[in-house]
Amino acid sequence: MLDLFADQGASLRQARPPAPARLITLVSQGEQRHEQALLWQLCQALQGYGYPPVVLDGTSLESQEHPGLVDLMQHTPWGALGATEDSDWAVMPAAAGLRALAQAPQRPLELLGALFQGCGVLVVYARAELLIPVLAGSSAQPVLAVAPGRHALLRGYRTLKQFQEQGRLAPTLVSLITSSLRNADQLARTTGRSLQKCALTFLGCETDMITVRSEPQAEHRSDDVRRLALRLLENGAVPFMA
């Protein structure tokens, strides 16, 4: 898959200056069951729109057997890096690479954008402590997914506070509908609005919020995820260009 991206990038460079990749970031809070379901749906939606993503998995560490972002930063050829076998898009480990980006003398997003010129969409999935040094000072709006429930709400607020205080970043809140129960939609909206209110009251931070089914029902076919994907595509080129 990454060989295909390399070929596409070469063609773009011959025809015109390569356009910056669009950047989408998804925050990991340890709720992998819901977060990875959302990540998978989001990648499917991007693929459907003609933007096959490259996913940088900041929850996985690069190794000799599984090279990733840090190897690309050390000039490992694209062809030596590959997509996971169970995916239709390129997925590479990125934990060490994201840490290295934060310590690079060059602006992290400039370096990341240069590495992925010619790619359509770059999706970075990582914990706040890895994302904040890379995104700080930019206009990026990381996606912060929150499941219903008091503990998830408190964890989401702590993460949002971390982004605001350490990086001056305002995440986009995605309140997850996690079941097909009749009141599931209302519960998700209540959770999202409560987190919005806490952010505004205690942090002075205005946030956008959208509700999304974490595992779409057959009759809905992820319409809400496709809308989220479109929204992220519209805003996704800004951080690399800022």
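Biologist: Why is Glu31 called partly exposed in this predicted model?

Modeller: Glu31 has a relative accessible area of 30%. Buried means under 20% and exposed means over 50%, so Glu31 falls in between and is partly exposed.

Biologist: What makes the pair Arg155 and Glu31 a salt bridge?

Modeller: The closest N and O atoms of Arg155 and Glu31 are 2.5 Å apart. The cut-off for a salt bridge is within 4 Å, so the pair meets the definition. Arg155 itself counts as partly exposed, because its relative accessibility is 22%.

Biologist: How many salt bridges does a search of the whole structure find, and which one lies in helix α9?

Modeller: The search finds five salt bridges. One of them joins Asp223 and Arg226, with the closest N and O atoms 2.2 Å apart. Both residues lie in helix α9 (residues 223–235), three residues apart, which is about one turn of the helix. Asp223 has a relative accessible area of 37% and is therefore partly exposed. Arg226, at 33%, also counts as partly exposed.

Biologist: What makes Arg127 and Glu129 a salt bridge?

Modeller: Their closest N and O atoms are 3.3 Å apart. Since the limit is within 4 Å, the pair qualifies. Arg127 is partly exposed at 37% relative accessibility, and Glu129 is partly exposed at 44%.

Biologist: How do you know whether Arg168 is buried or exposed?

Modeller: The relative accessibility of Arg168 is 61%. The cut-off for exposed is over 50%, so Arg168 counts as exposed. Its place is in the loop between α7 (150–167) and β6 (172–177).

Biologist: Which residues does Leu112 touch, leaving aside its neighbours within four places in sequence?

Modeller: Leu112 is in contact with Leu56, Leu69, Leu101, Leu122 and Phe240. Contact here means heavy atoms within 4.5 Å. Leu112 is also among the residues with the most contacts inside the largest nonpolar core, which has 44 residues.

Biologist: Which helix gives the most to this core?

Modeller: Helix α6 (residues 128–135) gives the most, with six residues. There is also a second, separate core of 25 residues, which includes Trp89, Val91, Leu176 and Val212.

Biologist: How much of the protein as a whole is buried?

Modeller: Buried residues make up 48% of the 242 residues. The protein exposes about 11,900 Å², and carbon and sulfur atoms supply 48% of that area.

Biologist: What does the secondary structure come to?

Modeller: It comes to 10 helices and seven strands. Among contacts between residues at least 6 apart in sequence, 79% join residues at least 24 apart.

Definitions and conventions
Residues are numbered from 1 along each chain as its sequence is written. This is a predicted model: local features need pLDDT of at least 70, side-chain atom pairs count only at pLDDT 80 or more; totals for chains, interfaces and linings use all residues. Side-chain values use heavy atoms; hydrogens and water are left out. A nonpolar core is a set of buried Ala, Val, Leu, Ile, Met, Phe, Trp, Tyr and Cys residues joined through side-chain atoms within 4.5 Å. Buried means under 20% relative accessible area, exposed over 50%, partly exposed in between (1.4 Å probe, protein chains only). Helices (H or I, at least four residues) and strands (E, at least two) are DSSP runs, numbered from the N terminus. Accessible areas come from the Shrake-Rupley method with a 1.4 Å probe; for residues, only the protein chains shown count as cover. A salt bridge is a side-chain nitrogen of Lys or Arg within 4 Å of a carboxyl oxygen of Asp or Glu.
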